[in-house]
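Subject: Handing over a structure, with notes

Dear colleague,

I am passing on the structure below for you to look through.

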Amino acid sequence: MTQKNNFNLTTFKKINEDMVAINERSYESDWFGRRYTKPIKEYTKEEVLNIINSGSLEKQKELSMNYFNKDGFYRRIIIYYATLLKYTGVLIPNPTFGKSLSTPFIQKRYYNAINYIEKMKVPTFLENCALRALIYGSYYGVILEQDKEVFSVLDLPNNYCCSRFKDKYGNNLIEFDVTYFNTILDNDSRNKALKAYPKVISEHYKKYKNGKTKKKWVFISSDIGICFTMFDGRPLFLSVIPSTIDYDEAVETERERDAEEIRKIIVQKIPHLNDGGLLFEPDEALEMHRGSVGMMKGNKNISVLTTYADVDSIISKTSADTASNNLEKMVNNIYYQSGVSGQLFASNSNLSLETSIKNDMAMMMHLVHKFETFITNIINKLYSNTNINFKYIILPITYYNDDKYMEATYKMANSGYSLLLPALAMGLSQRDLNNIKDLENDLLKLDEKLIPLSSSYTQSSNEVGAPEKSPQEKSKKTIQNEESLDKGGSE
């Protein structure tokens, strides 16, 4: 018994040491990702417009990151686009001519590839890539480890990367500015960073520091470099920022106007006698003023004015409804500048919302196709041979259309098309689907215990009338009528 306990303790210590070593290399150091909280910089609208129209790419990236940290509108729009898709993928095996996927040694490669994709945590990895690509205009990363057991990626500091060239296969080549390591002032932290970065980077920095080369930029081969560019490589939503500044200024103006409307002035008019003489002497009026001030003491919104003269005040006042409408227009303008529907965040109508989401998805598919190529290359590098190769595709499934996608693919499955796609729309992976069916049928014998209901597609429907139309198929008048009925029913 004692020997067994000692063996377990020894084994645990060894495993724990390995875990700590991997952790320290990737995450423990304070330089990792350089995610220090920087103070928010306040830009004027003129400064923002100058950076957008004629500023350097570095300044544009700084502006974008600053407002991502500062502004709720800008942050929410970027997060919406980055997380719009579920990044649900399917790995398609392609046996070469004359080969069969049912052959055990070919089948084994397929299952190993599926398991590797599970290890990659694809949705989490791609969400991070999309988020950084939307903030900075491009995502830059480097593969630290890649074999059949491990896939480890380090995000590169965006302002120290660029991509101006491609290799013969069309892959973007990353150039990295090694002066980045000079920003890590602590020697121990810098040494840890250099140890974690690939040798092609760390060795070039040592040469640069020792004066053996004057070139501060080093090429990272496409074998380990990862670059996903969003269109022209500029932050995509910079044009939104001036609109958010206008909105902030309008809110401040409304706050001041509200404060003025709340503030009251009590005017005490000292009456005169018929002959124009004073009813109260100045010292008596002063005491009356002091008494009124004392009664109002503690109410910061009330002031007291005591005067012998008639006093009048003319206020240029905007009605609350007009002010509210102006702010609403400014909010809509922010979303208009980004190309996203404001209905997503404060919906009061379903009119055209579905079309807007489809447009957003179509825009993000530009980036998704690059993700597909990257993962396809990774899998083929590890698992393809002369008998089989693979293709990885990401399905156009979002958090807004997953029900409809599942319904559409289920209808197609009844016509002989893929049975896999409806399950993927439900959130199951290829491996999950296979395992859950084995669990149900082989272990729990649910196929014998639970008899499925007959499919509605094989039975006559009891519904009367035409099937209900989707919001996009309905006319504007029909939608307005339905919304007025809903409002009437809720009151």
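A residue to begin with is Phe-231, which counts as partly exposed because its relative accessibility is 42%. Please bear in mind while reading that this is a predicted model, and that every value here was computed from it. Phe-231 sits in the loop that runs between β7 and α9, and its phi is near 55 degrees, a positive value in a residue other than glycine. Most residues other than glycine have a negative phi. Tyr-87 also has a positive phi, of about 55 degrees, although it is not a glycine. Tyr-87 is found in the loop between α4 (72-82) and β1 (89-95), and with a relative accessible area of 1% it is buried.

The loop between β7 (225-229) and α9 (240-262) also holds Ser-239, a residue that is partly exposed at a relative accessible area of 33%. Although Ser-239 and Ile-52 are 187 residues apart along the chain, their C-alpha atoms are separated by 7.4 Å.

For the overall picture, the protein chain has 17 helices and 10 strands, and of its 491 residues 35% count as buried. Its accessible surface comes to about 31000 Å², and carbon and sulfur atoms account for 53% of that area.

Asn-158 is buried, its relative accessible area being 4%. Leaving aside residues up to four places away in sequence, Asn-158 touches Lys-61, Arg-132, Tyr-136, Ser-138, Tyr-139 and Tyr-140.

Turning to charged pairs, a search of the whole structure finds 8 salt bridges, and I describe some of them here.

One of them joins Glu-149 to Lys-119, with the closest N and O atoms 3.0 Å apart. Glu-149 belongs to the loop between β2 (138-146) and β3, while Lys-119 belongs to helix α5 (residues 104-120), so this pair ties together parts that are 30 residues apart in sequence. Glu-149 counts as exposed at 57% relative accessibility, whereas Lys-119, at 42%, counts as partly exposed.

Another salt bridge is formed by the side chains of Glu-175 and Arg-164, at 2.7 Å from N to O. Since Glu-175 lies in strand β5 (residues 172-177) and Arg-164 in strand β4, the pair ties together parts that are 11 residues apart in sequence. Are the two partners buried or exposed? Glu-175 counts as buried, at 4% relative accessibility, but Arg-164 is exposed, with a relative accessible area of 58%.

A further salt bridge is made where the side chains of Glu-407 and Lys-411 meet, at 3.7 Å from N to O. These two residues are separated by about one helical turn, because they are 4 residues apart in helix α13 (residues 402-413). Glu-407 is partly exposed, with a relative accessible area of 43%, and Lys-411 is partly exposed as well, with 41%.

Two surface patches remain to be described. Asp-438, Asp-442, Asp-447 and Glu-448 gather in a patch of negative charge on the surface. The elements that give two or more residues to this negative patch are α15 (430-443) and α16 (446-449). Glu-448, which lies in helix α16, is exposed, its relative accessible area being 60%.

The other patch is nonpolar, covers about 340 Å² of the surface, and is made by Ile-436, Leu-439, Leu-443 and Leu-444. Of these residues, Leu-444 lies in the loop between α15 and α16, and with a relative accessible area of 36% it is partly exposed.

With kind regards

How values were computed:
Residues are numbered from 1 along each chain as its sequence is written. This is a predicted model: local features need pLDDT of at least 70, side-chain atom pairs count only at pLDDT 80 or more; totals for chains, interfaces and linings use all residues. Side-chain values use heavy atoms; hydrogens and water are left out. Patches are made of residues with over 30% relative accessible area and no salt bridge: like charges are joined within 9 Å, nonpolar side chains (Val, Leu, Ile, Met, Phe, Trp, Tyr) within 5 Å. Accessible areas come from the Shrake-Rupley method with a 1.4 Å probe; for residues, only the protein chains shown count as cover. A salt bridge is a side-chain nitrogen of Lys or Arg within 4 Å of a carboxyl oxygen of Asp or Glu. Lys and Arg count as positive and Asp and Glu as negative; His and the chain ends are not counted. The place of a charge is taken as NZ of Lys, CZ of Arg, CG of Asp or CD of Glu. Buried means under 20% relative accessible area, exposed over 50%, partly exposed in between (1.4 Å probe, protein chains only). Contact means heavy atoms within 4.5 Å.
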